[in-house]
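The following exercises concern a protein model with its ligands. Please work through each task before reading its solution.

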Amino acid sequence: MRVLVTGGSGLVGSAVRYITEHETGRFGGNNQGAEEWVFVSSAECDLRDFEATKSLFARVRPTHVLHLAARVGGLFANMQQPADFMRDNLAINDSVLQNAHDFGVEKVVSCLSTCIFPDAVDYPLTEAKVHLGPPHASNFGYAYAKRMVDVQNKAYHQQYGDMFTSVIPTNVFGPGDNYNLTSAHVIPALMHKCYLSLSPGAPPFVVAGTGRPLRQFVYSRDLARLMVWAVREYVDVEPIILSPSEHDEVSIATVATAIARTMGINAPLTFDTAKPDGQFRKPASNAKLVSLLPEFKFTPFDEALKESTEWFVQHYDKGARV
Ligand code: NAP
Ligand code: GDP
């Protein structure tokens, strides 16, 4: 089994690399040498380029693909560049899936996101609700491109019998995130902003929006363990939500306060309520996951957030993607 991991240098890809290199067993790597995991970044192959992707598949000859590569960004980047988010992701997914088909790959596990779900739909989100209405206006370009992966998976399965499936994580965070202030998701953006505010004379730490929206976060290393499991054991074209319970939502204010405390700021925080809140909440049911894998234990959120904040502080000058 040779697994090609696209997006191998990103937040999720680096977590999969960490887990497959540092852990063993059902959710870890190795498997007595029966598996090889090959991680690629955009520097090795621009997956928007069909011919370059074909050369990559010809070189690696994967039996399985964990397809994580995507143009990814937080609320503000998605609002500013909907066309780029749509076009890049459509192109990446088309060349990865068609090449996987052409090269006879046994299984592809692609990555969707709970932010692609309809905006006006009954909660909790479930795997059956992906296409039940338009996505939130703030990220429609990314959302429609990602939804097409589910359509592509079903089309390849119906026409050729290919086992192309997808997983749907909620908001991800962890070591090695994208901390760039213009494109980061909320947790890495808040870590970076909080850290900068610690310098003498620097502007104070300000949280965008009201702080009231709720998010359901999954730690990248827990997600990586679940993805390893999905590559090996999940056999169903229908997607599966990978997340802790929908009852574990956390407010943006709680997240900001926890990050500030870890960095030594105990004063009340400032909120810039002129900035958008985005979707208020998007709770997703993990019932399907729990039914298939009842024994899986998620890392407690506070512990994972503290570990991730400490990783960022330690790596700020040493390779963090700022
Ligand atoms: P990330 O940290 O931004 O990493 C993106 C990865 O995709 C990088 O390895 C990047 O390579 C690669 N990539 C981007 N454009 C590419 C291209 N044109 N050709 C080849 N590779 C390209 O993102 P992430 O958070 O790990 O996201 C991984 C997956 O999880 C994505 O499919 C995303 O939609 C999904 N997801 C993420 C979240 C979240 O909160 N982060 C939530 C739900 C779902 P370089 O490093 O070389 O640029
Ligand atoms: P989303 O879950 O797809 O909306 O993406 P984000 O990870 O970008 O989370 C956005 C939520 O965090 C919104 O409620 C924002 O108002 C809030 N937020 C607060 N400060 C920031 C920040 O500095 N960057 C980002 N991206 N979001 C922030």
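A residue is called buried under 20% relative accessible area, exposed over 50%, and partly exposed in between (1.4 Å probe, protein chains only). The model is predicted, so that local features need pLDDT of at least 70 and side-chain atom pairs count only at pLDDT 80 or more, while totals for chains, interfaces and linings use all residues. Residues are numbered from 1 along each chain as its sequence is written, chains are lettered from A and ligands numbered from 1 in the order in which they are written, and side-chain values use heavy atoms, with hydrogens and water left out.

**Exercise 1. Salt bridges**

Determine how many salt bridges there are, and describe the pairs of Glu233, Asp84 and Lys154.

Solution. 

Step 1. The criterion is a side-chain nitrogen of Lys or Arg within 4 Å of a carboxyl oxygen of Asp or Glu. Side chains of opposite charge can pair when their charged atoms come close. The count by this rule is 17 salt bridges.

Step 2. Glu233 pairs with Arg26, and their closest N and O atoms are 2.8 Å apart. This pair links distant parts of the chain, 207 residues apart: Glu233 belongs to helix H7 (residues 220-233), and Arg26 to the loop between H1 and strand E2 (36-40). Helices (H or I, at least four residues) and strands (E, at least two) are DSSP runs, numbered from the N terminus. Glu233 is partly exposed at 34% relative accessible area, and Arg26 is partly exposed at 37%.

Step 3. Asp84 and Arg71 form a salt bridge at 3.9 Å, N to O. Asp84 is in helix H4 and Arg71 in the loop between strand E3 (64-67) and H3, so the pair ties together parts 13 residues apart in sequence. Asp84 is partly exposed because its relative accessibility is 35%; Arg71, at 26%, is also partly exposed.

Step 4. Lys154 meets Asp150 at 2.9 Å, N to O. Both residues lie in helix H5, four residues apart, which is about one turn of the helix. Lys154 is partly exposed at 31%, whereas Asp150 is buried at 2%. Elsewhere, salt bridges with shared partners join Asp46, Arg48, Arg71, Asp84 and Asp88 into one network.

**Exercise 2. Asn89**

Is Asn89 buried or exposed, and which backbone atom does its side chain reach?

Solution. 

Step 1. Asn89 is placed in helix H4. Because its relative accessible area is 0%, Asn89 is buried.

Step 2. The Asn89 side chain reaches the backbone nitrogen of Arg71 at 2.8 Å. This is a polar contact (a pair of N or O atoms within 3.5 Å; within protein, one must be able to donate a hydrogen and the other to accept it, and residues adjacent in sequence count only if both atoms are side-chain atoms).

**Exercise 3. The shell around ligand 2**

Solution. 

Step 1. A residue is near a molecule if one of its heavy atoms lies within 4 Å of it.

Step 2. Taken alone, ligand 2 exposes 540 Å², of which the protein buries 95%. Accessible areas come from the Shrake-Rupley method with a 1.4 Å probe; for residues, only the protein chains shown count as cover.

**Exercise 4. The shell around ligand 1**

State which residues come nearest to ligand 1 and which elements supply at least two residues of its shell.

Solution. 

Step 1. Of the 29 residues around ligand 1, those nearest are Ser9, Ser42, Tyr142, Lys146 and Arg321.

Step 2. A backbone N or O atom of Val12 is 2.8 Å from an oxygen atom of ligand 1, and a polar backbone atom of Leu47 is 2.9 Å from a nitrogen atom of ligand 1. Ligand 1 alone exposes 900 Å², and the protein buries 88% of that.

Step 3. Helix H1 (11-22), H5 and strand E6 (171-173) each contribute at least two residues to the shell.
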